[in-house]
Amino acid sequence: MPLFLLLPAIFTLLFSRVSPTISLQEVHVSRETMGKIAVASKLMWCSAAVDILFLLDGSHSIGKGSFERSKRFAITLCDALDISPGRVRVGALQFGSAPHLEFSLDSFSTQQEVKDSIKRIVFKGGRTETGLALKRLSRGFPGGRNRSVPQILVIITDGKSQGPVALLAKQLRDRGIVVFAVGVHFPRWDELLMLASEPKERHVLLAEQVEDATNGLLSTLSSSGLCTTADPDCRVKAHPCERKTLETVRELASKALCWRGSRQTDSVLAVPCPFYSWKRVFRTHPANCYRTICPGPCDSQPCQNGGTCIPEGMDKYHCLCPLAFGGEVNCAPKLSLECRIDVLFLLDSSAGTTLEGFQRAKAFVKRFVQAVLSEDSRARVGIASYSRDLMVAVPVGEYQHVPDLVRNLDSVPFSGGPTLTGSALLQVAEHGFGSVSRTGQDRPRRVVVLLTESHSQDDVAGPADYARSRELLLLGMGSEVVQAELEKITGSRKHVMVHTDPQDLSSQIPELQRRLCSQPRPDCQAQSLDLVFLLDASASVGRENFAQMQSFIRKCTLRFDVNPDVTQVGLVVYGSQVQTAFGLDTHPTRAAVLRAMSQAPYLGGVGSAGTALLHIEDKVMTVQRGARPGVPKAVVMLTGGSGAEDAAVPAQKLRDNDISVLVMSVGAVLREAVRRLAGPRDSLIHVAAYTDLRYHQDMLIEWICREAKRPVNLCKPSPCMNEGTCVLKNGSYRCECRGGWEGPHCENRILRGDAPMTRSFRQEPAGRQQPTLSQQAPKHLGI
């Protein structure tokens, strides 16, 4: 058979034992952890001054397909780089038989330009002359900054050089260049280890797995402070991994007779001859892979009763529940820790309900509290019964453990008197939740759950209206016989739970839990708003707590539609100084705002909240700094409480200019200075500890959304610059400029003797607004 006909069969034999889908670097972790590694690679960001040069192997041993994957890795890595002339610079050089400069480090100044240039690189082929490429770099990085900044060389190759590389690579490393060796195709790991910087395990990666390799490279750079993660809880961890090399080996297949001549006897002899076969095998090399892992929503194992947690990004998840728990929250009737609520169970103990019905109601409450309450639950429960009079058996929250609550419930007696539900509701409204109730933002949601099987013998409409006017949510549970009366008491059919068979009462536990804890999350996605966060970055807060505040405001920002036409977000930090981390019009997208929030500096020192608020009034909430006339404005201040002694007057000055101010004070003690700073309005949220900030997210969003819907005054704060006067007229405004200034906002200095100009601009109606000419002018004018 001709040789060319045998070739396909030979190659089929060589690769018959090689799986086409096997990974050449396996990190031995769960699928969930691999997902976290992929997510974390998108949350890392490098903005320090550094020169990064990609050295792309474009030889024939790589092949065009693997070369394209090398480019994809380089492009993905660029997504995490803050490319600009003063920060990260990127260049690329391809090598095969000879090195070829694709573009130097000073060629492009934006991330998109670099990515587009990498996409246009054409595969050249040739021999694998890695040494020639390294020798070319001995003269320095093309367009680099002469080692005034860190230099990083990323070599993407299969590690099969056709010349010596060890000495040349060592010379580069000795000059302080950090060398990453990134394998592609079927890499030769021993040569990659020879090229890479120390520690080797942190500088050798595989480009075929883009997100894993990106995470590994950025994790190594984060240890030197060149890169950061968006979440302060992210950590670099070592995981056992295995690297594999595809090698061709020869092995003895069998022995067969062959004929050989003998010089001594001048004859031919039959002797056994060895027969060898060739095959491709994987050689494994155990190692450690260092990857950044960020906390995920499934870390706390929220899915119970055998449910499977499926993460959906950083903050969200859903549970795949067993059939019996398919309709439950987290696969179990558990009160969420997010559910901060006071519940009073009101049991009908009258003759109309009967002793049997009363015992069923007690059994239901007993099962409910055992199923849904735990030691760390934020819900508080009380129990009362009534017939002629109200008897509070367990005041709300006054029990040490759930077993104590159950024992008190067992001892509640059956009265058997008349059914006076109306009288019981009046007494509950007055005294059911304690004689001194907390008010405003600090008060949890209060709910009365009425369980009855008989019609009331007194009026219920008036007492029910009174109870609801005291901000009590009334829920009713009973049979179809009392459904109409329960709807009258609760004020809504949605607040009534009816059972057809009294024995099925316990099946209502999941539904009651859902109604107690589910309330619509406040949101104002489409509402125009200029929002500034003010963070206390002083030494009294500390670096770790400051990171907690950063994480909190990032999660709050996810609830807003950030773009120049809807919500603009700014950030100011204060400590040893006051610093605008970014202004209202600096970042036009939510992703950019989230990234900038994670980079806000911790300042330390002694902070002055009053100085920070004056800074916001003078240098942030102004038209020339991006604030929009006619758009509601709010400042959310997070503080540890120190340095607030001088802040009451500046805060009131902001409020007088129609800028809402909310104070979130963190700490065991609420300082009197903070109370004065919050002002007479309900604009204070007190948080016991920084780790509890997440429990107050909905409360904060609700306040912001409420402030965003307040009517606005087009002249507050004044859009006029340079001491111009704002004048309202017919739903619009105009700026009356002083001598020497003109323009829509008095922004232009008069260069000749022309008279100053005034001009009116239309203000859009409330709701989702498009910027008017008056809103656009400062940006067009470059102010």
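**Exercise 1.** Work out in which sense strands S14 and S15 pair, and over how many bridges.

*Solution.* Start with the two strands: S14 covers residues 341-348 and S15 covers residues 379-386. They run parallel to one another and share 8 bridges. Here strands (E, at least two residues) and helices (H or I, at least four) are DSSP runs numbered from the N terminus, and two strands pair if DSSP finds at least two bridges between them.

A word on the model: it is predicted, local features need pLDDT of at least 70, side-chain atom pairs count only at pLDDT 80 or more, and totals for chains, interfaces and linings use all residues. Residues are numbered from 1 along each chain as its sequence is written, and side-chain values use heavy atoms, without hydrogens and water.

**Exercise 2.** Is Gln94 buried or exposed, and what does its side chain touch through a polar contact?

*Solution.* Locate Gln94 in strand S4 (residues 88-95). Its relative accessibility is 1%, so Gln94 is buried (under 20% relative accessible area; exposed is over 50%, partly exposed in between; 1.4 Å probe, protein chains only). Finally, the Gln94 side chain makes a polar contact with the side chain of Glu102 at 2.9 Å (N or O atoms within 3.5 Å, one able to donate a hydrogen and the other to accept it; residues adjacent in sequence count only if both atoms are side-chain atoms).
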